[in-house]
Structures are given as structure tokens and as C-alpha cells.
Amino acid sequence: VYELPSTLEKIGVGGLTWANNCITEDGVKYLGNTENPYVLMIGIDNSTFTINENCRIISSYSVTWENIETLVIPDSVTTIGNNAFQYNYNHLRSITLPNSLRSIGDQAFYYCYGFKNLVIPEGVQTIGASAFYNCNALQRLELPSTLQSIGEYAFRETSNLTTVISKIRTPFEISENVFSASQTEEYNSETQQYEYTYTTCTATLCVPEGTIDAYKAIAGWTMF
């Protein structure tokens, strides 16, 4: 029998996804402990589900290849695991992320291209690599002041993105491929390696008053 501590912050990719002693409530499968049986969301029974308000972590690969249209994550979840909601394609039209959220894993919403607006709430510190890769219906993105890192390709192939509102007052370095709409590659025969060139993001970047020069001086943000 699995007994997960209430202090659990993170679990590895695929960890416990196939556990057979979980509980199911409102279409969602969980693992936890006697005090809180909803610590870890590990999967769903169908595309119509409600996440328990005591859930803390959404496990890797827990809601992939589904036809969910609206996603509301309760204000208890701190972690969205790697690949958690990937490949929901154009079905996922609306996402509400909670203020309790601290990290969004790699490829968490990979190839979810149904929603047009995305607000990353205050409190989120990390966005993983390719987290919103090919979310190409996205038009407006809001980044919180608490953000400390954005992984490579996090918002790549978001070709319809028109507005990025960043509340980050001290911008940090990001890869030039984070917001790139596309890339070209060329083989260098001397180094025997491929060299990549990324397109400039055509969206308008809105930053806090007095920080324009700081953004212009930091790698990655100059792609706007």
C-alpha cells in the first residue's frame, strides 16, 4: 500500500502512474495517505472530471490524449508534472491555473492548441522546457513577477501570439528559442554539427515601467 507524505513536492516522470491501489472520485484517480488521500492525481476515468480541492500534485502523463475542453485546477495544486496534459490538441479551450501553483513541468501542455488566452498566476517560479510547445492558438500570454526560469522551447510554435505581458521586474536570461515561431537548420561541414537560427517573435512584449533597458540587455528577450 502506498502512503505518500503530505509534504510531497515532486515525483519522477511516470512514477506511480500505474499504481493499482488508488482511489477514484469524480472521474479522477489519486494516491495519498490516511490524512489526505488526494495528495497525487495520477489519472482520470473519463474526459469529464473534477479535481479534488485537496490535491497537491498532478502527476506526469496523468491526462494525456484526452478530449477535455475546460480545465480548472483547484487552489491547492503546487506542481503540474511533466507531460501532464500533453496531446489534448484543439479540444482544450480554457485553462484556469491556481495561485497555489509553483511549477509547470516539461511538455505539460505540449500540443494543446485550443486555448487563446493564458495567465500564468503569481507564485509560479518555473516553466519547464516545451511546456506550451505548439499551443499555436495562443494569442495573449501573461507572465508573473515571481517567475525565475523558463525552459527551452517553452512557447515555441505559438505563431498566433500577439501580446506577451511580463510582470518580471528583474529579467533573467532565457534561450532565444523560448518564443521562437520557427527555426531553420544548416549543417556546418567544418564543425560537423547542425547550426540553428530562430525567427524573431512578432508579438508585442509589455514590461513593467522602467525595465525596458534591462530586457533589451538580457539574452532571449531580444527576440521580440
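**Reading the structure together**

Modeller: Gladly! Let us begin with cysteines: the structure holds 0 disulfides. Keep in mind as we go that this is a predicted model.

Colleague: How far is the sulfur of Cys112 from the nearest cysteine sulfur?

Modeller: A disulfide needs two cysteine sulfur atoms within 2.5 Å. The nearest sulfur to that of Cys112 belongs to Cys135 and is 5.6 Å away, and Cys112 is in no disulfide.

Colleague: Is Cys112 buried or exposed?

Modeller: Here we look at relative accessible area, where under 20% means buried. Cys112 has a value of 0%, so Cys112 is buried. Cys55 is also at 0%, and therefore buried.

Colleague: You mentioned E3. How many residues of E3 are buried?

Modeller: 5 of the 5 residues of E3 are buried, so this strand is largely enclosed by the rest of the structure.

Colleague: And how do I read the way strands pair?

Modeller: Strands of a sheet pair through backbone hydrogen bonds, and the pairing is either parallel or antiparallel. In this model, E2 and E3 run antiparallel and are joined by 4 bridges. To see the pairing residue by residue, look at Leu31, which stands opposite Leu40 in E3.

Colleague: In which sense does E3 pair with E4, parallel or antiparallel?

Modeller: E3 and E4 (residues 57-58) pair in the parallel sense, over 2 bridges. There, Met41 stands opposite Ile58 in E4.

Colleague: What is the order of strands in the open sheet of 4 strands?

Modeller: The order is E9-E11-E13-E16, with parallel pairing. E9 (117-119) and E16 (204-206) stand at the edges with a single partner strand each, so one side of each has no neighbour in the sheet. From one strand to the next, the twist averages 10°. Inside this sheet, E11 pairs with E13 (residues 163-166) in the parallel sense over 4 bridges. Leu143 stands opposite Ser166 in E13.

Colleague: Now for charges. How many salt bridges does the structure hold?

Modeller: The structure holds 4 salt bridges. To call one, we look for a side-chain nitrogen of Lys or Arg within 4 Å of a carboxyl oxygen of Asp or Glu. Asp45 and Lys29 make such a pair, with their closest N and O atoms 3.7 Å apart. Asp45 lies in the loop between E3 and E4 and Lys29 in strand E2, so the pair ties together parts that are 16 residues apart in sequence. Asp45 is partly exposed at 47% relative accessibility, and Lys29 is partly exposed at 29%.

Colleague: Which residues are linked in a network of salt bridges?

Modeller: Arg140, Glu142 and Lys167 are. Glu142 is buried at 14% relative accessible area, whereas Arg140 is partly exposed at 32%.

Colleague: And which residue does Arg156 meet in a salt bridge?

Modeller: Its partner is Glu157, at 3.4 Å from N to O. Arg156 is buried, with a relative accessible area of 9%, while Glu157 is partly exposed at 22%.

Colleague: One last stop: where is Ser130 found?

Modeller: Ser130 is in the loop between E10 (126-127) and E11, and counts as buried at 10% relative accessibility. Sequence distance and spatial distance are separate things to read. Ser130 and Tyr153 are 23 residues apart in sequence, and their C-alpha atoms are 4.6 Å apart in space. Besides Tyr153, the residues that Ser130 touches include Gln107, Tyr110, Glu152 and Ala154.

Conventions: Residues numbered from 1 in each chain as written. Predicted model: local features only at pLDDT ≥ 70, side-chain atom pairs only at ≥ 80, totals over all residues. Heavy atoms only, no water. Buried < 20%, exposed > 50% of the residue type's maximum accessible area, 1.4 Å probe, protein only. Pairing = 2+ DSSP bridges. Axes fitted to C-alpha atoms, helices over the stretch in contact; angles between N-to-C directions. Contact = heavy atoms within 4.5 Å. Lists of a residue's contacts leave out its neighbours within four places in sequence.
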